[in-house]
Amino acid sequence: MLLQDKIAVIHGGGGAIGGAVARTFAGEGAHVHLVGRTRGRLQAVADAIIHAGGRASLCVLDVMDAAAVDADLAALAESQGRIDIAMNAIGIAHVQGVPFTDLALDDAMQPVQAYVACNFITAQAAARHMRRQGGGVLLTLSTPGARLTGTGFLGNGVASAAVEAFSRLLAGELGGEGIRMVCLRPDALPDAVAHSHTGEVFGGIARGMGITVEAMLAGRAQDATLLKRLPTLQQVADYAAFAASDRAGAMTGVIANLSCGSLVD
């Protein structure tokens with residue numbers, strides 16, 4: 001197993017991506033600690049993991065509360081002895097589909113401020129424990145908006161670019177402590193829409209185009225990707241498990257392109 005006996009915390013563990021990663025991590029042998037604001041969603045993921053024979057715990061808190069995040073990870077480190085992996089899979093609903101000249105400043109800045117702040121808080125809390133134990137892995141999430149140009153996703157694009165820059169800089173900050181940093185950049189995930197904030201985000205864009213979200217994503221798959229399809233939650237989760245494992249021990253400071261070829265490096 002890739003992650004046998006690793007201790008992994010996933011902030012946003014009740015969401016579509018966080019839940020998929022949590023289940024995969026547990027299937028690879030990790031004890032998974034799920035953190036988020038909605039107990040029901042966290043409990044559903046934890047129950048699925050335990051039913052499958054895995055190990056899971058959970059904590060309900062707001063990741064914007066730095067003191068609460070610090071206290072939770074301190075308790076986890078004390079009970080489990082270490083924290084090997086920490087992933088920020090928080091999803092934050094925000095405005096897309098509005099042209100720049102009609103976009104309110106607050107709507108543009110909201111995802112930038114929120115994503116930078118929550119990634120800072122969760123990474124810092126985990127890194128403090130990883131430094132003391134001599135290593136660990138931090139995982140972040142971005143979107144293709146970090147590299148694209150176009151109309152209607154200014155806040156998303158700037159926020160994603162900020163998360164990627166944050167991740168690269170942390171790789172330098174923490175590499176000497178044995179802490180690796182990997183940012184995952186999947187394209188849109190059709191099988192996440194029904195269980196994610198992306199349903200709301202994509203809905204506004206699709207309405208502006210006069211089509212359904214399903215039609216919009218199908219068009220993107222055909223017109224914008226080399227593989228003529230978009231990634232799946234399981235593919236993202238499988239890559240996350242590899243990146244967090246010792247088999248990826250030479251990897252840090254990387255932005256993983258999981259876009260099915262909508263972006264070409």
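Axes are lines fitted to C-alpha atoms, for helices over the stretch in contact, and angles run from 0 to 180 degrees between N-to-C directions. Helices (H or I, at least four residues) and strands (E, at least two) are DSSP runs, numbered from the N terminus.

The model is predicted, with local features needing pLDDT of at least 70 and side-chain atom pairs counting only at pLDDT 80 or more, while totals for chains, interfaces and linings use all residues. Residue numbers start from 1 along each chain as its sequence is written, and side-chain values use heavy atoms, with hydrogens and water left out.

**Stop 1: α1 and α8**

Select residues 16-27 for helix α1 and residues 233-244 for helix α8. Their axes lie 8 Å apart at an angle of about 55 degrees, and α1 and α8 are therefore oblique to each other.

Now show the side chains in contact, meaning heavy atoms within 4.5 Å. On α1, pick Ala 16, Ile 17, Ala 20, Val 21, Thr 24 and Phe 25. On α8 they meet residues including Leu 233, Gln 234, Val 236 and Asp 238. By class, the contact of α1 with α8 has 11 nonpolar, 2 polar and 1 charged residues. Here Ala, Val, Leu, Ile, Met, Phe, Trp, Tyr, Cys and Pro count as nonpolar, Asp, Glu, Lys and Arg as charged, and the others, Gly among them, as polar.

**Stop 2: α3 and α4**

Select α3, residues 66-80, and α4, residues 105-133. The two helices pack at about 30 degrees, with axes 9 Å apart, which makes α3 roughly parallel to α4. Their crossing is right-handed. Ala 66, Val 69, Asp 70, Leu 73, Ala 74 and Ala 77 in α3 face partners in α4, among them Ile 121, Thr 122, Arg 128 and His 129. This contact of α3 with α4 holds 8 nonpolar, 2 polar and 2 charged residues.

**Stop 3: α4 and α5**

The contact of α4 with α5 divides into 15 nonpolar, 3 polar and no charged residues.

**Stop 4: the second largest pocket**

Rolling a probe the size of a water molecule over the atoms shows where empty space is left. On a 1 Å grid over the protein atoms alone, a cavity is a set of points where a 1.4 Å probe fits but cannot get out, and a pocket is an open set with protein on both sides within 12 Å along at least five of seven lines; lining residues have an atom within 4 Å of a point. Grid points are joined across faces, edges and corners, and a volume is the space filled by probe spheres set on the points.

Select Phe 120, Ala 123, Gln 124, Ala 127, Arg 128, Arg 131, Phe 166, Leu 170 and Leu 174, which line the second largest pocket. The volume of this pocket is about 200 Å³. Helix α4 gives the largest share of the lining, 6 residues. The lining comprises 6 nonpolar, 1 polar and 2 charged residues.

**Stop 5: the cavities**

The count comes to 2 cavities of 30 Å³ or more. For the largest cavity, with about 50 Å³ of space, select lining residues including His 11, Asn 88, Asn 119, Thr 140 and Met 181. Its lining has 6 nonpolar, 5 polar and no charged residues.

How values were computed
Parallel < 35°, antiparallel > 145°, perpendicular 65-115°, else oblique. Left-handed = near helix turned anticlockwise from the far one by under 90°.
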